[in-house]
Amino acid sequence: MVATIAARELRSLFLSPLAWSILAVTLFILAYLFLSQIEAYITLQPRLAALDGAPGVADIVVAPLFADAAVVLLLITPLVTMRVLSEERRNRTLSLLFSAPVTMTEIVVGKYLGVLSFFLILLGLLALMPLSLLAGTELDLGKLAAGMLGLILVVAAFAAIGVYMSSLTEQPTVAAVTTFGLLLLLWIIDWAGNGQLDGDNALAYLSMLRHYEPLLKGLFNSADVAYYLLLIVLFLGFSIRRLDATRLQP
Amino acid sequence: MSNQALVHIEHLTRYYSLTCAVSDVSFDLAKGEVLGFLGPNGAGKSSTMQMITGNLAPNAGQICIAGIDLLDQPKRAKQQIGYLPEQPPVYRELTVDEYLYYCARLNRIPRGNIAAAVTTAKDRCGLGDVGRRLIGNLSKGYQQRVGIAQAIIHNPAVVILDEPTVGLDPIQIREIRALICELGKEHGIILSTHILPEVQATCNRVQIIHHGKLVFADSTAGMEQQLNANSLIVAFNNAPDIDSLLQVSGVDHAEQLADGRIRIHYSDTDPAEALAEASVSRHWRLCELAPERRTLEQIFIELTCSETPLREDAA
């Protein structure tokens with residue numbers, strides 16, 4: 001049942017020009033960033049050759065590319081997730097799901113996986129860029145995999161927050177604005193701790209960026225993964241509660 | 001709890017903050033019944049239907065669908081329900097076929113049977129030749145039919161239709177009514193409407209809801225009895241005076257109406273025949289003789305208007 005809902009969600013996304021234009025614009029920008037990182041690598045190459053244990057392509061091209069990709073995705077996630085539930089509410093199609101033999105959990109998880117598969121397609125296309133370097137050079141695949149895992153977790157958390165925000169309102173634009181606000185806040189929340197010693201306060205711990213950076217460096221820390229998984233479960237749980245509450249509206 | 005009742009509703013109550021939308025509504029629906037739900041706007045028709053279909057949680061009361069408690073086992077109970085809300089819940093970006101396929105999957109129809117179910121539902125609702133068109137491009141009437149097709153695709157025991165004929169042209173209305181009558185043979189149907197002749201045409205039971213309470217519940221046959229007003233309207237070209245009319249056997253009371261016609265009230269025997277005979281023998285030149293019937297409208301208005309002050313006192 002979850003798969004049915006997810007498949008329809010993904011299909012509806014691709015039936016509107018929105019998904020295609022988001023894919024096109026995002027990939028164009030990421031490709032530009034990718035090429036400029038390669039450019040930087042080529043200029044650095046002579047000096048790197050002289051160094052012992054110099055950073056490789058994965059450090060100089062892939063890590064900055066993925067770091068920038070997370071910021072780009074932060075900007076576009078709200079646009080993809082905004083209509084997930086709010087549009088159903090607005091078009092009164094939610095009652096189709098409510099009167100069908102499916103639970104609220106199946107609805108929310110189905111919708112979430114539908115959106116997430118869109119992002120996985122996007123990330124799959126993005127992954128092809130660094131992989132194409134394999135044709136001409138060696139690549140630290142472990143670092144690439146860690147970075148990719150980090151990016152997937154970040155986007156999965158973004159999408160969960162977006163789905164929740166979309167469950168709160170009938171207006172897709174309101175959902176987009178609030179999602180963007182919350183994502184940005186969670187991204188930069190550690191700035192408040194800048195005066196103190198690095199990384200030891202609660203706000204820094206909440207920051208999504210802080211948990212993403214180690215993965216980019218190829219450092220797999222289960223605490224970071226758990227952070228993202230918790231975030232996803234939390235916001236999906238909120239969405240289920242929220243959807244249940246529409247039946248109980250006072 | 002009776003097992004044969006498809007829908008069994010007990011003391012259903014729902015508040016919206018302090019306003020009581022539905023108050024202590026109880027009724028049963030058996031297989032083969034078409035129940036018409038009447039009421040003015042805001043009477044609580046839609047709220048009741050939303051509660052029966054699990055779209056709205058009741059504050060109190062019990063709902064059983066085919067013997068399964070909706071609140072305890074929503075998944076099993078909902079398999080027995082097909083619901084068409086006021087606005088057909090269609091996705092405009094899908095084609096009719098895609099949409100119905102999706103609905104069939106949602107209602108857990110086994111994969112092998114889906115194609116057959118979609119075809120049957122399309123045939124029944126006259127959607128045969130629009131299967132490949134986008135729902136968003138269809139007219140309101142066709143969207144409504146897609147909504148009905150969605151409600152019956154999984155062959156549910158109970159079909160609940162909220163104003164199914166709104167926005168349809170007269171021919172489509174006739175087709176939909178015929179469809180409802182046909183569905184009524186094997187399913188239990190609840191339909192809400194404020195088009196009163198529709199109830200007379202399609203339903204075999206009527207309930208009128210007003211300010212959240214059931215104020216009238218009867219079979220259509222019983223209602224027909226209520227509709228007989230025990231009076232005749234007659235007109236003569238050579239009108240006699242009222243007194244001589246009263247002498248005709250069976251006439252209790254006669255009154256002159258403003259347009260020259262006369263209304264004759266009777267209690268037991270219908271004086272129509274006697275009047276015609278009297279007219280011939282006394283040269284009254286009868287030119288019109290019609291039994292007067294109250295319309296459902298009148299009952300509806302009597303019930304819903306006269307009750308208003310009472311209800312407000314109670315509230």
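**Chain B as a whole**

I began by counting the secondary structure of chain B, and in this predicted model I find 11 helices and 14 strands in that chain. I then looked up the overall dimensions, and the C-alpha trace of chain B spans about 80 × 50 × 35 Å along its principal axes. For the radius of gyration I noted 24 Å for chain B, whereas a compact globule of 315 residues would have a value near 20 Å.

**A sheet in chain B**

Next I followed an open sheet of four strands in chain B, whose order I wrote down as S2-S1-S4-S5, with antiparallel pairing. Strand S2 (19–30) and strand S5 (68–69) of chain B each have a single partner strand, so they stand at the edges and one side of each is left without a neighbour in the sheet. I reminded myself that strands of a sheet pair through backbone hydrogen bonds, either parallel or antiparallel.

I then took one pair by itself: strand S1 (residues 5–16) and strand S4 (residues 60–65) of chain B are joined in the antiparallel sense over five bridges. Which residue of S4(B) is the bridge partner of B:Val7? I found that B:Ile65 takes that place. Helix H1 (residues 45–52) of chain B packs on this sheet, where it touches S1, S2 and S4 of chain B, and its direction makes about 120° with that of S1(B).

**Where the chains touch**

Turning to the contact between the chains, I noted 23 residues from chain B and 18 residues from chain A. On the side of chain B that touches chain A, the elements giving two or more residues are helix H2 (74–78), strand S6 (81–84) and helix H3 (96–106) of chain B, and H3(B) gives the most, with three residues.

**Helix H8 of chain A**

Last, I checked the length of helix H8 (residues 172–188) of chain A: at 1.5 Å a residue its 17 residues should span 24 Å, and this agrees with its end C-alpha atoms, which are 24 Å apart. Which residues of H8(A) are buried? I listed A:Pro172, A:Ala175, A:Ala176, A:Thr178, A:Thr179, A:Phe180 and A:Leu183. These buried residues of H8(A) pack against helix H3 (57–81), helix H4 (83–90) and helix H7 (141–168) of chain A.

Notes. Residues are numbered from 1 along each chain as its sequence is written. Chains are lettered from A and ligands numbered from 1 in the order in which they are written. This is a predicted model: local features need pLDDT of at least 70, side-chain atom pairs count only at pLDDT 80 or more; totals for chains, interfaces and linings use all residues. Two strands pair if DSSP finds at least two bridges between them. Two residues are in contact if their C-beta atoms, placed from the backbone, lie within 7 Å. Axes are lines fitted to C-alpha atoms, for helices over the stretch in contact, and angles run from 0 to 180 degrees between N-to-C directions. The expected span of a helix is 1.5 Å times one less than its number of residues. A residue is buried if 20 or more other C-beta atoms lie within 10 Å of its own, exposed if 12 or fewer, and partly exposed in between; C-beta atoms are placed from the backbone. The radius of gyration is taken over C-alpha atoms; the globule rule is 2.2 Å times the number of residues to the power 0.38.
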